[in-house]
Amino acid sequence: MLKRIFPHPYLTALLTLVWMLLDNTAGPGVFIVGLILGIFIPIITAAYWPDRPVLKHPIKIAAYVLIVLYDIVKSNIDVALIVLFKSNAARKPAWVTVPLDLKTPEAITVLAGTITMTPGTVTADVSAQGSALLVHCLDAPDPDAVRDDIKSRYEARLKEIFE
Amino acid sequence: MVVEIIIAACLVIAGFFGLVGSFGLIKLDHPMARLHAPTKATTLGVGGVLIASVIYSFAFEEHGSLHELLITLFLFITAPITANFISKAYLHRHELEEELPEPNGDTNWATLERPEWSPEPEKTQEG
C-alpha cells in the first residue's frame, strides 16, 4: 500500500524540496502543494521507469557530493593555472578510455556528468555497448593516472551507491 | 563588515574564474581544449556569484533566499549534456576513428558506430 502511494520515495522528497526552493518560502502551504506534486508526479510517471535503480547506500551520496565539490574547486584552480601559465605547445591533451564496471545507465550517466563537471576532463562519448567512456583531458602527461583516478575516486563510490 | 568582506571575496573569485574561462576560449588552440574553458566558468564562476547572493540575502534582506541552489542544480544537470553534444559533433566532423583509443572490448564508440546498411560517410576531416 505504502509502495503504491510512494513508488519513488526519494523522488517525492526531491520534488517537494525543489518546489519549495522554486517558491523560495518555507511555509506549510508551500510544503503541502509540493508534497501533492511529489506524490502525484511519481505515480503518473511510474510507467516510464521500469528498471529504476535501487539505491543501496543513499547516505554515501552525501560523501560523494562533498568529494566532487572539493574536486571541482581543486581542479578549477589547476585548469586556471594551465590556461594562464602554460603555453599551448607544452600542454599534452589526451584521449583516455575509461573501462566501466558500472552497469546501470543511471550510474554511468552520473559518472559521465561528474567527469565533465570536474574541469580538465570532458566525457566525449560512451562505447556502443556501454562498456567504456571516452574522456578528453586538457593536460594529461600521464593518461593512465587520470583513468585510475577516475576509477578509484568516483566509479568505486558510485558502485557502492547504485549496485 | 565581515559578512561584506566574504560576499566581496566570493564575487571577486567568481569574476576571476569567469574571466579565466573566457580567456581560455581565446587562448586554447584546439576545439576539444576550448570545451574545457566553459565547463570551468559554470562551476566556480557561477557558483561563487550564487553563494554570494545566498549570503547577501540572509544577511541584509528580510527573507533569506535559497533559489540559487536550484540554479546550481540545473547547471550541474545541463552543462555535462551540452559538453557531451558538442564533443559528439566534434567527433563526427573532425576526428579520425584511428586516432581515438580503443573502446574497452566494444566494437566502436557510440557516436561513430554505423549500422551495416548505412552508406560510408563522406570524409570531412579537413579542418
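Residues are numbered from 1 along each chain as its sequence is written, while chains are lettered from A and ligands numbered from 1 in the order in which they are written. Because the model is predicted, local features need pLDDT of at least 70 and side-chain atom pairs count only at pLDDT 80 or more, whereas totals for chains, interfaces and linings use all residues.

**View 1. The open sheet of chain A.** Three strands of chain A, in the order β1-β3-β2, form an open sheet with antiparallel pairing; strands (E, at least two residues) and helices (H or I, at least four) are DSSP runs numbered from the N terminus, and two strands pair if DSSP finds at least two bridges between them. The edges are held by β1 (94–99) and β2 (121–126) of chain A, each with a single partner strand, so one side of each is left without a neighbour in the sheet. From one strand to the next, the twist averages 30 degrees. Between β1(A) and the antiparallel strand β3 (residues 132–137) of chain A there are six bridges, and Trp95(A) stands opposite His136(A) in β3(A).

**View 2. Helices lying across the sheet of chain A.** Helix α5 (residues 105–117) of chain A lies across β2 and β3 of chain A and runs at about 145 degrees to β2(A). Helix α6 (residues 143–162) of chain A lies across β1, β2 and β3 of chain A, running at about 35 degrees to β1(A). Axes are lines fitted to C-alpha atoms, for helices over the stretch in contact, with angles from 0 to 180 degrees between N-to-C directions; two residues are in contact if their C-beta atoms, placed from the backbone, lie within 7 Å.

**View 3. The two domains of chain A.** The assignment, whose bounds come from an automatic or database source, gives domain 1 (2–48) and domain 2 (59–162) of chain A. The centres of these two domains, taken over C-alpha atoms, are separated by 32 Å.

**View 4. The side of chain B that touches chain A.** The contact takes 43 residues from chain B and 36 residues from chain A. On the chain B side, α1 (2–27), α2 (31–60) and α3 (67–94) each supply at least two residues, and the largest share, 11 residues, comes from α3(B). The residues of this side of chain B divide into 22 nonpolar, 14 polar and seven charged, where Ala, Val, Leu, Ile, Met, Phe, Trp, Tyr, Cys and Pro count as nonpolar, Asp, Glu, Lys and Arg as charged, and the others, Gly among them, as polar.
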